[in-house]
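Trainee: Could you take me through this structure before I set up any calculations on it?
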Amino acid sequence: MSDIPEHLYYTEEHEYVGETDEESVFVVGITDYAQGELGDIVYVELPRVGTHFDRMEVFGVIEAVKAVSDLYCPIAGEVVEINEAIDLDPALVNGDPYGDGWMIKLRAEDDDALEGLMSPEDYESHIDG
């Protein structure tokens, strides 16, 4: 059973979005389900701070022993921070995808940035379906 925190929003491609203490800034990473499907993560390519992405545009690449996958930006916005710790230790994504394994922080372009994302219940149905 995958961990699906109640306070986050999700995409069909298995990214999550969470609110931060800063207004209009959101944290993005991959879900527990996604890291479990990928297996041992060996490399994560992240964008530069200041890069702008549209909703569901590829923002990076994650490489595991089993597969290489694109990372999709769940909301439109500008990267304000990247998690440099996963550059040194990509396994953080496996060990703590919702904590130390976060990937980027985005300043949302729109006030309704979370519209169209899945609730925890919808995401659970998606991965169980």
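Predicted model: local features only at pLDDT ≥ 70, side-chain atom pairs only at ≥ 80, totals over all residues.

Trainee: What is the radius of gyration, and with what does it agree?
Mentor: The radius of gyration is 13 Å, which agrees with the value near 14 Å that a compact globule of 129 residues would have. Along the principal axes, the C-alpha trace spans about 35 × 35 × 25 Å.

Trainee: What share of the residues is buried?
Mentor: Of the 129 residues, 44% count as buried. The accessible surface comes to about 6,800 Å², and carbon and sulfur atoms account for 42% of that area.

Trainee: And the contacts: what share joins residues at least 24 apart?
Mentor: That share is 62%, taken among contacts between residues at least 6 apart in sequence.

Trainee: Changing topic, how many helices and strands are there?
Mentor: The protein has four helices and nine strands. Starting at the N terminus, the elements follow the order β-β-β-α-β-β-β-β-β-α-α-β-α.

Trainee: Which strands make up the open sheet of three?
Mentor: Its order is 4-6-7, and the pairing is antiparallel. Strand 4 (41-45) and strand 7 (68-72) are the edge strands, each pairing on one side only. On average, neighbouring strands of this sheet are turned by 25° against each other, direction ignored.

Trainee: Over how many bridges do strand 4 and strand 6 pair?
Mentor: Strand 4 pairs with strand 6 (residues 58-64) over four bridges, in the antiparallel sense.

Trainee: Which residue in strand 6 does Val44 stand opposite?
Mentor: Val44 stands opposite Ile62. In general, strands of a sheet pair through backbone hydrogen bonds.

Terms used
Residues numbered from 1 in each chain as written. Heavy atoms only, no water. Pairing = 2+ DSSP bridges. Helix = DSSP H or I, 4+ residues; strand = E, 2+ residues; numbered from the N terminus. Axes fitted to C-alpha atoms, helices over the stretch in contact; angles between N-to-C directions. Rg over C-alpha atoms; globule rule 2.2 N^0.38 Å. Buried < 20%, exposed > 50% of the residue type's maximum accessible area, 1.4 Å probe, protein only. Contact = heavy atoms within 4.5 Å. Areas by Shrake-Rupley, 256 points an atom, 1.4 Å probe, with all protein chains shown as cover.
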